[in-house]
Amino acid sequence: MSTLIQRKQPKRSSSKASIERLQRDARANIACEDNLNYMRGLSNESMNLIVTSPPYNLGKEYERRTSQEKYIENQASAIAEAVRLLDPKGSICWQVGNFVDNGKVYPLDILLYPIFKNHGLQLRNRIIWTFGHGLHCKNRFSGRHETILWFTKTDDYTFNLDPVRIPSKYPYKKHFKGPKKGEFSGNPLGKNPSDVWDIPNVKSNHIEKTQHPCQFPVGLVERLVLALTEKNQSVLDPYIGAGSTAIAALKHDRHAYGCDLNKTYIDIAWERIHQLRAGELRTRPMNKPVHTPKTKA
Ligand SMILES: C[S@@+](CC[C@H](N)C(=O)[O-])C[C@H]1O[C@@H](n2cnc3c(N)ncnc32)[C@H](O)[C@@H]1O
């Protein structure tokens, strides 16, 4: 069993040494590097989608806690580079939660929104990602959502709804009057998934869990990749962690770009990429409904 990917992940045949040599191949360019350095090496307007979840300045194992002003300044530098790299028809999805200081909550999307607006970007959705697991708070309600700010650079942007439709609640409902009477009223491909996404977060029993403490569920990124890019386009995550964004991009025949400061996470990312290519990586299906435990009467 791999030491990088904790459990339920099958063994990969290639050796650790071969992972270490790899920084890029034909479809994936995933490096252990500071994101400003990494992004500065990429060309203007070369990315079709930039999707990421930065640290929240909470003092987690992968970040050093700093003042809120310094944190916002650092985010502004990363966002400026991301905007430079974005194709005119492309999208940026910045996924954040709250900065919490002494029991006081500061929603990071509210703090970061003006930075994107100052670059002339347009907000298309503020997606609520809701999930069932997390800390139980004693002096406020337990946090069970984070947000994804989806911005576009122009009004002419890629948006493909059909690949991300979800099953309708009443697929056999028909028009009961008018010229379409008797015909199905809903789209046979399903309905718009809305801007509230109920997707389990990657906690200890999740099949995607690795050593990384705060992974994206792959299904969350898949929805963004499928809706906001076309095949063979490029997807970047400048805080790529265990590579979930790369997995979602490669799974759907896009090119994956990303970096992380932490070597262990980059090794995990490459290991997952190899497993994906070998058909051995387990991911939770994108639209799988959330499990509701049976309660005893
Ligand atoms: C919230 S985690 C992202 C996890 C990722 N979404 C995943 O699915 O695994 C944030 C990541 O940013 C990385 N990081 C922090 N500062 C960075 C920087 N300046 N450049 C590159 N990566 C950085 C951390 O090591 C951490 O893995």
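Strands E9 and E10 (residues 255-260) pair in the parallel sense over four bridges; strands pair if DSSP finds at least two bridges between them. Helices (H or I, at least four residues) and strands (E, at least two) are DSSP runs, numbered from the N terminus. The chain passes from E9 to E10 through helix H6 (residues 244-251), and this β-α-β crossover is right-handed, that is, with the strands pointing away from the viewer, the path from the first strand over the helix to the second runs clockwise.

This is a predicted model, in which local features need pLDDT of at least 70 and side-chain atom pairs count only at pLDDT 80 or more, while totals for chains, interfaces and linings use all residues. Residues are numbered from 1 along each chain as its sequence is written.

Strand E2 (residues 47-52) also runs parallel to E9, joined by two bridges. Leu-236 of E9 stands opposite Ile-50, and in E10 the bridge partner of Leu-236 is Tyr-257. Within E9 (residues 234-237), Ser-234 and Leu-236 point one way, Val-235 and Asp-237 the other, and all are buried (20 or more other C-beta atoms, placed from the backbone, within 10 Å of the residue's own).

Around the ligand are 20 residues, of which Asn-35, Tyr-62, Tyr-239, Gly-241 and Ser-244 come nearest; a residue counts as near if its C-beta atom, placed from the backbone, lies within 6 Å.

The protein chain averages a pLDDT of 91, and 92% of the residues score at least 70; pLDDT is the predictor's confidence in each residue, from 0 to 100.

Technical notes: A residue is buried if 20 or more other C-beta atoms lie within 10 Å of its own, exposed if 12 or fewer, and partly exposed in between; C-beta atoms are placed from the backbone.
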